[in-house]
Amino acid sequence: MAHKNYLFTSESVTEGHPDKMCDQISDAIVDAILEKEARLEKEGYISPSGVPACVKNVRCAIETFTTTGTIVVMGEVRTQAYVDVQQIVRDTVRRIGYDRAKYGFDADTCGVMNLIHEQSPDIAQGVDGTFARSDDDEIDKIGAGDQGMMFGYASDETDVLMPMPIYLAQNMARQLARVRKNGTLAYLRPDGKTQVTVRYEDDKPVEVTAVVVSTQHAADVKLSQIREDMIEHVIKPVLDAQGIEWSHADIYVNPTGRFVVGGPMGDTGLTGRKIIVDTYGGMGRHGGGAFSGKDCTKVDRSAAYAARWVAKNVVAAGLAHKCEVELAYAIGVPQPLSIMVDTQGTGSVDDELIEKAVEKVFDLRPGAIIRDLDLRRPIYEKTAAYGHFGRDDKDFTWEATNRTEELKAAVAELA
């Protein structure tokens, strides 16, 4: 029999965590390139080499690294748009909250090194349609930006169809940033982490049994004050809003006793090191590919968004209580190599039938995903902290449950 009673734990981090700083910087650069390329295209710009600006031709794979007093940006791009990387980096760091030396990092004085260069033509030729099956199908001319497998997941245990542990951890991390930025707890600093353990009975979340909040803070604040404030202003509002029992939860606040040195001064950061925080908190599988810094032809990003879109629509349609979707691609090839649907025994019909309905309703070629989810927009920096899924934002098009009726009709037709 399936394991129905268990504890499950997920974590999140704030936007001031070094790894998350890097994710946001990488995505801020992607946004700036997309925005400027679109403007240049509208203006009819043609480069000195005779190449016209075209947002469809933009390619980005940007990595960021940070350590004490330093940020290094590297990677490959294809664009006609020059963007001021130095300014983008500093503006992003300042928005996060590192704007003075006593916080351990300063947007105005940190060193910024730009090592971005042009994309390899060997990669570009595959994505640009070498393996297209038809010269008449524009969607078929966009190959996958890499090989690999991507997973999407949805569960009806929360209103946004996310697993409860990661949903609570993300909201707690966001609340931690909110009370820092609005001045409620002025002694807080940008770096922080949250963690929530949820007890499940009969596979349903019933109680929070443990909460961990670690937050960077000013040197002159006592741990007893921080603990009291974290419970009152961060933990309680989030858990009470969800309506889940937590009165017997073990609460851990800054378990080491002190968290003054944080951010890049306390730990190095790198783009793509928080892929579980970005997704489902460990609930469900992960293909291993990071999202941030990548344009939408990179299926690590776009197909993972599409897999979430599919899984969420399956659950929203009432076809299952849980759904995991796996997609797989080969570089340069438009058609997915495989599509798998797993409802973990919660489906109202056989998984094989749902799988066939998914293939009928969703076009999961990269070009179709980009078209249907409108992914060539400068929307990515805000995805790079507090999770890419389960958020109420009109730009997160992959969160829409707009194919439920089609799915139900397809299942009825195929049954």
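1. Is Cys 110 buried or exposed? At 5% relative accessibility, Cys 110 falls in the buried class, where buried means under 20% relative accessible area, exposed over 50% and partly exposed in between, with a 1.4 Å probe and protein chains only. The model is predicted, so local features need pLDDT of at least 70 and side-chain atom pairs count only at pLDDT 80 or more, while totals for chains, interfaces and linings use all residues. Residues are numbered from 1 along each chain as its sequence is written, and side-chain values use heavy atoms, with hydrogens and water left out.

2. On cysteines, the structure holds zero disulfides, a disulfide being a pair of cysteine sulfur atoms within 2.5 Å. For Cys 22, which is in no disulfide, the nearest cysteine sulfur is that of Cys 110, 11 Å away. Cys 22 is also buried, its relative accessible area being 0%.

3. Helix α1 covers residues 18-43, helices being DSSP runs (H or I, at least four residues) numbered from the N terminus. Its end C-alpha atoms lie 38 Å apart, in agreement with the 38 Å that its 26 residues should span, as the expected span is 1.5 Å times one less than the number of residues. Because 19 of these 26 residues are buried, α1 is largely enclosed by the rest of the structure. Gly 44, with a positive phi near 75°, follows α1.

4. In the contact of α8 with α10 (heavy atoms within 4.5 Å), the residues of α8 include Tyr 305 and Trp 309, and those of α10 include Ile 369 and Leu 373.

Key: Helix = DSSP H or I, 4+ residues; strand = E, 2+ residues; numbered from the N terminus.
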